Amino acid sequence: MSRKLVKFLILFDNSSLLYFPGQFLSGRVLVELKDDTPALGLHFHVVGEGVVRLRKHGHDRIYDKENYIDFRMRLLGEPGQGPVLLSPGIHSFPFKLGLPLGLPSTFLGKHGWVQYFCKAALREPNGLTHKNQQVFIVMNPIDLNLEQPSIAQPFQCEIEHNLGVNCVSSGVVICSVSLDRGGYVPGETVGISALIQNRSKITIKETKASLTETIQYLVRNRVVQSETRELVALTRGKIRPGANDEWNNEQIYVPPLPPTNLRGCHLIRVQYDVYFIIQPKSFEKEVKLQLPITLATYPLRGNEGTLRGKHGTHYPSTLPIFRPWLEEKTV
């Protein structure tokens, strides 16, 4: 059949290949033939899966997998029946199915992925099978208006840390950090306020606020790999002993990031945090405060339905699906 088969394609009605849970996945399998061709059947398979795969300690492979969609159907032929003769020309075999609610979003990482694709197989009587497959993208959006109401409220974190080495105290640093709310979408800014009181004898070299993404890969409910990357950062200079420094609603821009909703996936976790870091001079370890945030797809709106974005906020028209920085060195 290889010389008779001119085209064998999976075509979706949605040319963008982007779908939301609960939508219909529809399209057709297109077969173009040069001559009369007998076929035993045309099989169609829709797959959604999450996979973690990495190597540890040389050749030891760590692997886990879970399925979200496993739907099979015949587009041509019946079990136990003989071959069907297909005439020369173009044949179109339609398909349509509803995507389940609650699917995790498409995710492509260094050590794991969540992917969705369709496979088609055309079988001929002589035992040959011709195959093709086509990936599609699932986005499970996060709407901040449907999350817990506290996500729209400011929240803060405080710490009192003793500086000094070898059990000899050099005094304390007191730090209070607050964010203007707990949820954002790309294009918005995170408002950071902080008060740092250096009641020690040690100069603080700098303070820094950074927006980070952490990806954890799990196998049998155990974290086997973790990656953290700093996405955006703000820094301020030294604080001398006995002095204070205040951050007054400083702004960190949230860059275009893949809209990640991996709820429903038990193999990969994605978390966004704002870290506030105090870096003393000498051999003192840095002091780090972690403030977890939610990055969503749809922004907060007021009671009248208007956007609650800050003045000058520019929302990107599209968001990337992939993370090119995963090929770079992580922190």
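The structure holds 0 disulfides, a disulfide being a pair of cysteine sulfur atoms within 2.5 Å. Cys 175 is in no disulfide, and the nearest cysteine sulfur, that of Cys 157, is 8.0 Å away. This is a predicted model, in which local features need pLDDT of at least 70, side-chain atom pairs count only at pLDDT 80 or more, and totals for chains, interfaces and linings use all residues. Residues are numbered from 1 along each chain as its sequence is written, and side-chain values use heavy atoms, with hydrogens and water left out.

**Cysteines**

- With a relative accessible area of 1%, Cys 175 is buried; buried means under 20% relative accessible area, exposed over 50%, and partly exposed in between (1.4 Å probe, protein chains only).
- Cys 265 counts as buried too, at 10% relative accessibility.

**Salt bridges**

- There are 8 salt bridges in the structure, each one a side-chain nitrogen of Lys or Arg within 4 Å of a carboxyl oxygen of Asp or Glu.
- One of them joins Lys 65 to Glu 49, with the closest N and O atoms 3.2 Å apart. Lys 65 sits in strand 6 (residues 60–76) and Glu 49 in strand 5 (residues 41–56), so this pair ties together parts that are 16 residues apart in sequence. Strands are DSSP runs (E, at least two residues), numbered from the N terminus.
- Within that pair, Lys 65 is partly exposed at 40% relative accessibility, whereas Glu 49 is buried at 12%.
- Glu 188 and Arg 181 meet through their side chains in a salt bridge of 2.6 Å, N to O, and both residues are buried.
- Glu 286 pairs with Lys 288 in a salt bridge, the closest N and O atoms being 3.7 Å apart. Glu 286 is partly exposed, at 39%, and Lys 288 is partly exposed as well, at 45%.
- A network of salt bridges links Arg 236, Asp 245 and Glu 250.

**A positive surface patch**

- Lys 205, Lys 238, Arg 240 and Lys 281 form a positive surface patch. Patches are made of residues with over 30% relative accessible area and no salt bridge, like charges being joined within 9 Å; Lys and Arg count as positive, and the place of a charge is taken as NZ of Lys or CZ of Arg.
- Lys 281 belongs to the loop between strand 19 (268–280) and strand 20 (287–295). Its relative accessible area of 35% makes Lys 281 partly exposed.

How values were computed. Patches are made of residues with over 30% relative accessible area and no salt bridge: like charges are joined within 9 Å, nonpolar side chains (Val, Leu, Ile, Met, Phe, Trp, Tyr) within 5 Å. Accessible areas come from the Shrake-Rupley method with a 1.4 Å probe; for residues, only the protein chains shown count as cover. Helices (H or I, at least four residues) and strands (E, at least two) are DSSP runs, numbered from the N terminus.
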